[in-house]
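We will go from the whole chain to one residue.

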Amino acid sequence: MKIGLGIVSVVLLVTVIAIWFARVPFTYDDMDLNQDGWLGLSEAMYFFDHGVRKVTVEGEVCTEYYALKDGLPLKVVCEN
Ligand SMILES: [Ca+2]
């Protein structure tokens, strides 16, 4: 019984993490801020609370993702 509950918990946790990764526009490497190969909870939460704003880069309108915590840019995506 306890093993079955453990398996269900792991499957649920993996599902939640997969859904979360599908929602955020960042790669694992983007979010691994200290480049240690592991995504810490604080790193994940830093990227989870993000906003989107338009910026101009070399005359092109791009999308900038920024951290709500401190307003620092996380990633800039341009069409071209
Ligand atoms: Ca890390």
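Predicted model: local features only at pLDDT ≥ 70, side-chain atom pairs only at ≥ 80, totals over all residues.

Residues are numbered from 1 along each chain as its sequence is written.

**Whole chain.** Select everything. The C-alpha trace spans about 60 × 25 × 20 Å along its principal axes. The radius of gyration is 16 Å, whereas a compact globule of 80 residues would have one near 12 Å. That radius is taken over C-alpha atoms, and the globule rule is 2.2 Å times the number of residues to the power 0.38.

**Cartoon.** Colour by secondary structure. There are three helices and three strands. Their order along the sequence is α-α-α-β-β-β. Helices (H or I, at least four residues) and strands (E, at least two) are DSSP runs, numbered from the N terminus.

**Burial.** Of the 80 residues, 1% count as buried. Buried means 20 or more other C-beta atoms within 10 Å of a residue's own; exposed means 12 or fewer; partly exposed lies in between; C-beta atoms are placed from the backbone.

**Lys 69.** Select this residue next. Lys 69 sits in the loop between β2 (60–67) and β3 (73–78). Is Lys 69 buried or exposed? Lys 69 is exposed, because 11 other C-beta atoms lie within 10 Å.

**Its contacts.** Lys 69 touches both, leaving aside residues up to four places away in sequence. Contact means C-beta atoms, placed from the backbone, within 7 Å.

**Last stop.** Draw a distance from Lys 69 to Asn 80. They are 11 residues apart along the chain, and their C-alpha atoms are separated by 29 Å.

Terms used
Contact = placed C-beta atoms within 7 Å.
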